[in-house]
Amino acid sequence: MSALLLVFSDLDGSLLDHHSYSFQAALPAVEALRERGIPLILCSSKTRAEIEPLRRQLGNRDPFIVENGAAVFLPAGSLQRIPPDCRPEGDGWVREFAPPRQRWLLELARLKAEYGAQFTHFEVMGVEGVVAATGLQPEAATRALQRDYSEPVLWQGDDAGREAFAAALSTAGATVLQGGRFLSVAGDCDKGAALRWLRNCYQREDPARDVHDLAIGDSANDSAMLESARHALVIRSPVHGFPPLQRQENTRYSEEFGPAGWARGVLEWLQHLDPYSQE
Ligand SMILES: [Mg+2]
């Protein structure tokens, strides 16, 4: 019996070019997955509002994972059996792994009394502020502001203050991660836990088949996902080194950057699996 194949992929710097955000170079491999009916599960720090236009451009109808594993969206028809821990959402379902953004907004409002002008965050910055801080186009900033589970914070004070501020948020239950520009304030979730949950959903639909999953990513926030899958494809970045990984087996590092490395790695993975899937 052939294996059940799944691909979980990061977006920025992996499926999407780090500079141009184009997925053009990956299209031959995206098409190869589609021809074989292999789900391509997008898994990003991006919001649902940011991921959905991309799914439309790619013609993708598979489940997707938002805000660094905060939630898994299951569009209608993507799974045959809806897991019991999901709730209906739009025309599909969602499994949430983190509390709503509102919880962190309340916490930040409370911390304003102590830290005042030393920080600002997306909700306060609005579209104009986010455009100014990130260089995003206004439409893209609008989508980035439609967040459900996490809040980017711009720290404007000194390092010692930032430590105390982050500690206060942690005490309140938040996970605080330093990104390139922003502190990300969110619940305790990661892409790896979301991958494992969704893989189990697929496995339950077809318990007799082996699941062969491939995780693809380029950054530290992909490490948990890359460690969780049977196969890992680590994409070379033009701006930083490979993320740290414990695993060595079934792990491939791309020569090319972004979507070109993505395409070659996925096609090689398919080639490598073909002898098995014909068993
Ligand atoms: Mg990335």
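Helices and strands are DSSP runs, numbered from the N terminus; a helix has at least four residues (H or I) and a strand at least two (E). By that numbering, Asn250 sits in the loop between strand 12 (231-236) and strand 13 (251-257). The model is predicted. It shows a protein of 279 residues with a magnesium ion.

**Overall build**

- The protein has nine helices and 13 strands.
- Its radius of gyration is 19 Å, close to the 19 Å that the globule rule gives for 279 residues, so the protein is as compact as a globular protein of that length.
- Along the principal axes, the C-alpha atoms fill a box of roughly 65 × 40 × 35 Å.
- Buried residues account for 51% of the 279 residues.
- Take the contacts between residues at least 6 apart in sequence: 60% of them join residues at least 24 apart.

**Surface and charge**

- The protein exposes about 13200 Å².

**The magnesium site**

- Which residues coordinate the magnesium ion? They are Asp10 (OD), Asp12 (O) and Asp218 (OD), at 2.1 to 2.2 Å.
- The spacing of these donor residues in sequence is D-x1-D-x205-D.
- Asp10 has 5% relative accessibility; buried means under 20%, so Asp10 counts as buried.
- Asp12 has a relative accessible area of 31%, so Asp12 is partly exposed, a class that runs between 20% and 50%.

**Ser14, a buried loop residue**

- Ser14 lies in the loop between strand 1 (4-9) and helix 1 (27-35).
- Is Ser14 buried or exposed? Its relative accessible area is 0%, so Ser14 is buried.
- Leaving aside neighbours within four places in sequence, Ser14 is in contact with Ser9, Ile216, Gly217, Asp218, Ile235, Gly258, Pro259 and Trp262.
- One of these partners, Asp218, is also a donor to the magnesium ion.

- Leu74 belongs to strand 4 (residues 71-74).
- Leu74 counts as buried because its relative accessibility is 1%.
- With residues up to four places away in sequence not counted, Leu74 touches Pro63, Leu79, Pro83, Cys86, Gly92, Trp93, Trp197 and Leu198.
- Leu74 and Ser237 are 163 residues apart along the chain, and 30 Å separates their C-alpha atoms.
- Leu79 lies in the loop between strand 4 and strand 5 (87-89).
- Leu79 counts as buried too, at 7% relative accessibility.
- Under that sequence rule, Leu79 touches Leu74, Cys201, Tyr202 and Glu205.

- Most residues other than glycine have a negative phi.
- Glu67 is not a glycine, yet its phi is positive, at about 45°.
- Asn250 also has a positive phi, near 50°, and is a residue other than glycine.
- Where is Glu67? It is in the loop between strand 3 (64-66) and strand 4.

**Glu123, a partly exposed helix residue**

- Glu123 is in helix 4 (residues 122-134).
- Glu123 has a relative accessible area of 47%, so it is partly exposed; exposed would need over 50%.
- Not counting residues up to four places away in sequence, Glu123 touches Arg101, Leu105, Leu145 and Glu151.
- Glu123 and Gln146 are 23 residues apart in sequence, but 9.3 Å apart in space, C-alpha to C-alpha.

Key:
Residues are numbered from 1 along each chain as its sequence is written. This is a predicted model: local features need pLDDT of at least 70, side-chain atom pairs count only at pLDDT 80 or more; totals for chains, interfaces and linings use all residues. Side-chain values use heavy atoms; hydrogens and water are left out. The radius of gyration is taken over C-alpha atoms; the globule rule is 2.2 Å times the number of residues to the power 0.38. Buried means under 20% relative accessible area, exposed over 50%, partly exposed in between (1.4 Å probe, protein chains only). Contact means heavy atoms within 4.5 Å. Accessible areas come from the Shrake-Rupley method with a 1.4 Å probe; for residues, only the protein chains shown count as cover. Donors are N, O and S atoms within 2.8 Å of the metal (3.2 Å for Na, K and Ca); water is not among the atoms, so sites may look incomplete.
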